[in-house]
Amino acid sequence: MSMNAQGRPSAPVADAGAPATGAAALLPAEPLLFEIGDRDHSGVDLPDIEVGNDRLGGLRRKTALDLPGLTEPEAMRHYVRLSRQNYAIDSGMYPLGSCTMKHNPRLNEKTARLPGFADVHPLQPVSTVQGALGVIEELSHWLMELTNTTAVAMSPKAGAHGELCGMMAIKAAHEANGQGHRKIVLVPESAHGTNPATAAFLGYTVKSIDANEHGTVDVDAVKAALSDDVAAIMLTNPNTCGLFEPQVIEIAQAVHDAGAYFYCDGANFNAIMGVVRPGDLGIDAMHINLHKTFSTPHGGGGPGAGPVVLSAALAPFAPVPFVRRDGDALELVEHTEGQHFGRLTAFHGQMGMFVRALTYMLSHGADGLAQAARDAVLNANYIKARLADLFSAPYNHRPVMHEVLFDDTFLKGTGVSTLDFAKAMIDEGVHPMTMYFPLVVHGAMLIEPTESESLQTLDAFIATMRDLAEDAKSGNSERFTAAPVRAPLRRLDETRAARQPRLKWTPSDAPRAAAQ
Ligand SMILES: *Cc1c(COP(=O)(O)O)cnc(C)c1O
């Protein structure tokens, strides 16, 4: 244990037992607002109001609202304390594979807060929001330019929503071409869960394609699965093992020859932006997560935005609304005309995120975007190289793209699982990587550093990972199975939390039980 100059321990003592208050250091154990507040008192002092005739048809509440009465400092401190228990990209590295947790530049925030952008309303007359429409038009232009595609639907509000949008365009195109009988969508087994979910949601039958021993998809496997009943393939490139699909062009060709469309999951576009144009590979539709590649906030900071670029074949089926130039003026096409499949959301998309994403693009420039992609790839390969002797990589035959995938072979016989390893990382102050995804490898650990991290941060991360791996192999399994010991809460019953979520507090709940 390290000691300071006065001979006192300078690090927390993990096994010192719970402190009397339940709080650790200056981080208090945080009760629920309902446990802080007193329902018989109120934090504000308002005169009673006379309620005359209401128009609620007898549905007006007869009992009190039963909210805790809180003073302003009580409410303020509760939320500030909670925020201090929250991990964020602004507090440290966030190596979640497939999630692209990159820094959200403050310049983005500054432009998004300009009153002309922040205060527009989607129902304002179009003549008063020409600048905002100009942002949508320009962002659309660069998204099409980066992907070499013909159209882009800007309204989807997440990657998964973009998948739905792209697949609805594919469905509309098949129906318009007398191919509405096509009911099968091919999805490789390494796909993100949203891909099969999207296809199933639209009534398609999902047919899984196995990965080969290199973790990629063989064109022959795709050809064997293609038929007159196949509507589309949904392929992620670079895929969720962090690998560029080497046969993607042949796969696109085979899919088109069979009369089907190629939906590309572009969530991993960060690895190739400015370097590869997916349109050149033969894709028909691809969502781009602005909250991943183009640095708009995500996780708790959202909302997400998932524009979908479309090939010439699918462009006529894009949803409304969209921005159209009419001489000097921009108009918003709101009503379905021609073959557009209709409307996907109430308004035009996430305006605040459009401003942030365009700011990111323009501040990087064409060379800067390509550099960001190359740095993201370099960082992932640096981690791979520095951990290669201690960790086990299932697909080790070539460099990775933006993320590196390990499996749990190196933990064999140690009594430590991928989950235990991740919990021990928390004790070391390192946010865990994505675990148990993709499903194609056992005990997956998927690490995506992004281009944001400095060499110092990467080295600190690598040192922690190496220390943990060596300790696991040397038989110190308790460091892992007992972890986390330094987090405000230890291991929660995640299965029960998912199956029987308790989202409502009732007065009979014991303190903390509701939270856990
Ligand atoms: C993040 C991600 C998605 C879904 O994006 P959301 O914005 O979370 O809906 C889909 N596919 C892959 C590969 C992803 O990484």
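Here is a short chat about the domains and nonpolar cores of a predicted model.

Visitor: Hi! Which domains does the assignment give for the protein chain?
Guide: Hello! The assignment gives domain 1 (107–363) and domain 2 (366–488). Keep in mind that this is a predicted model.

Visitor: How far apart do the C-alpha centres of domain 1 and domain 2 lie?
Guide: Those centres are 30 Å apart.

Visitor: And how many residues are in contact between the two domains?
Guide: On the domain 1 side there are 28 residues, touching 21 residues of domain 2. About 1900 Å² is buried between them, and carbon and sulfur atoms give 65% of that area.

Visitor: How many salt bridges does the rule find across that interface?
Guide: Zero salt bridges between domain 1 and domain 2. As for polar contacts, five residue pairs are counted, both residues being at pLDDT 80 or more.

Visitor: Switching topic: in the largest nonpolar core, which residues touch the most other members?
Guide: Those are L139, L143, L186, F262 and F294, out of 60 residues in that core. Several elements give two or more residues to the core, including α5 (130–147), β2 (184–188) and β5 (261–265).

Visitor: Which element gives the most?
Guide: That would be α11, with 12 residues. The core also draws at least three residues from each of domain 1 (107–363) and domain 2 (366–488).

Visitor: What lies apart from this core?
Guide: Another core, of 37 residues, with L390, L405, I447 and A469 among them.

Visitor: Back to F262, what is F262 in contact with, leaving aside neighbours within four places in sequence?
Guide: The contacts of F262 include I233, L235, V248, A252 and V255, and also H256 and D284.

Methods: Residues numbered from 1 in each chain as written. Predicted model: local features only at pLDDT ≥ 70, side-chain atom pairs only at ≥ 80, totals over all residues. Heavy atoms only, no water. Core = buried A, V, L, I, M, F, W, Y, C linked by side-chain atoms within 4.5 Å. Buried < 20%, exposed > 50% of the residue type's maximum accessible area, 1.4 Å probe, protein only. Helix = DSSP H or I, 4+ residues; strand = E, 2+ residues; numbered from the N terminus. Domains from an automatic or database assignment. Contact = heavy atoms within 4.5 Å. Buried area = accessible area lost by both parts, 1.4 Å probe. Salt bridge = Lys/Arg side-chain N within 4 Å of Asp/Glu carboxyl O. Polar contact = N/O pair within 3.5 Å; in protein donor to acceptor, adjacent residues only side chain to side chain.
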